[in-house]
Amino acid sequence: MSGFLILDTETSGLFDFTQPADAPGQPHLAQVGLIYLDHVGATPRRKGAYVRPNGWSMEAGASAVNGLTDQFLREHGTDVEMILDTYEQAIDEGRVVVAFNAQFDTKVMRAELRRSGRPDLFERTRNICVMRPMMKLGVQKAGSSRGYPKLSDCCAHFGIARSGAHDALGDAEDALAIFLKLHELGALPAPAVHYAKNRP
């Protein structure tokens, strides 16, 4: 089987991208949004979940952005292993991961796989980052000419109504909408495994 897995994650904090995904102090997965698309034009199937903290806590800055707290996650979260089972199955099916800033979201999942003692699936996780083509399309970061545009900038460019900022499933919906727009324009990057210089 093949197809696509549109992915978005919310985390307990921010990554240090100079360090390995599972290095001490790196953030943990707090919420995941998954949308299954068997092919362009197929009916999407959606799955979202919160993660119950186990040896980690939400950082104040992250909670301020995504609204997630330790208490909420303890009440509504599930074991991360169940989420990893679902993600691993999608990769086993040959699905291409699609994300806005895929470098971030795939690193989040890689970290959790490693922490659980599983293969990190890096070499098998072909992905498409729907953020990277945006500058070539003339989309700019609001208030600045430097750096990649934000998800909100890209949605505004295409006239996409936001599904829910900093909610994993809502942001995955927005990434799916951008993916479909890029497909219409013939501007989708080819699926690939992207190597960092130091492969953290």
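This report covers strands, a helix, cysteines, aromatic rings and a few single residues of one predicted model.

The model is predicted, so local features need pLDDT of at least 70 and side-chain atom pairs count only at pLDDT 80 or more, while totals for chains, interfaces and linings use all residues. Residues are numbered from 1 along each chain as its sequence is written, and side-chain values use heavy atoms, with hydrogens and water left out.

Helices (H or I, at least four residues) and strands (E, at least two) are DSSP runs, numbered from the N terminus. Two strands pair if DSSP finds at least two bridges between them. Strand β4 spans residues 96-99. Strand β1 (residues 4-11) pairs with β4 in the parallel sense, over three bridges. β4 and β5 also pair in the parallel sense over three bridges. Val97 takes part in both pairings: Leu5 has Val97 as its bridge partner in β4, and Val97 stands opposite Asn127 in β5.

Burial is judged by relative accessible area: buried is under 20%, exposed is over 50%, and partly exposed is in between (1.4 Å probe, protein chains only). In a regular strand the side chains alternate between the two faces of the sheet. Both faces of β4 are covered. Val96 and Val98 are buried on one side, Val97 and Ala99 on the other.

Asn127 belongs to β5, residues 127-129. Asn127 is buried, at 7% relative accessible area. A polar contact is a pair of N or O atoms within 3.5 Å; within protein, one must be able to donate a hydrogen and the other to accept it, and residues adjacent in sequence count only if both atoms are side-chain atoms. A polar side-chain atom of Asn127 lies 3.2 Å from the backbone oxygen of Thr125. Contact means heavy atoms within 4.5 Å. Leaving aside residues up to four places away in sequence, Asn127 touches Val96, Val97, Ala102, Thr106, Ala190, Pro191, Ala192 and His194.

## Cysteines and helix α5

A disulfide is a pair of cysteine sulfur atoms within 2.5 Å. The whole structure has zero disulfides. The sulfur of Cys129 has its closest cysteine sulfur in Cys154, 9.4 Å away, which is too far for a bond. Cys155 is in no disulfide either; the nearest cysteine sulfur, that of Cys154, is 7.1 Å away.

The buried residues of α5 are Leu151, Asp153, Cys154, Cys155 and Phe158. An α-helix has 3.6 residues a turn, so residues three or four places apart point the same way. The cover over the buried residues of α5 includes α6 (168-185). Just after α5, Gly159 takes a positive phi of about 70°.

Gly147 sits in the loop between β5 and α5 (151-158). Gly147 touches Met135 and Lys141, not counting residues up to four places away in sequence.

## Aromatic rings

Rings of Phe, Tyr and Trp (its six-membered ring) pair if their centres lie within 6.5 Å; planes under 30 degrees apart count as stacked, over 60 as edge-to-face and the rest as tilted. The whole structure has four aromatic pairs. Phe15 and Phe17 form a tilted pair, with centres 5.6 Å apart and planes at 55°. Ring pairs link Phe15, Phe17 and Phe104 into a cluster.

A charge sits over a ring if NZ of Lys or CZ of Arg is within 6 Å of the ring centre and within 35 degrees of the ring normal. Lys107 lies over the face of Phe15, 5.6 Å from the ring centre.

## Single residues

Ser63 is found in helix α1, residues 60-66. The Ser63 side chain reaches the backbone oxygen of Leu68 at 2.6 Å. Ser63 touches Met58, Leu68 and Thr69, not counting residues up to four places away in sequence.

Asn101 is in the loop between β4 and α4 (102-115). Its phi is near 70°, positive in a residue other than glycine. Leu121 lies in the loop between α4 and β5. Leu121 has a positive phi too, near 65°.

Accessibilities of further residues follow.

| Residue | Relative accessibility | Class |
|---|---|---|
| Cys129 | 6% | buried |
| Cys155 | 1% | buried |
| Gly147 | 39% | partly exposed |
| Phe15 | 11% | buried |
| Phe17 | 36% | partly exposed |
| Ser63 | 19% | buried |
| Asn101 | 26% | partly exposed |
| Leu121 | 6% | buried |
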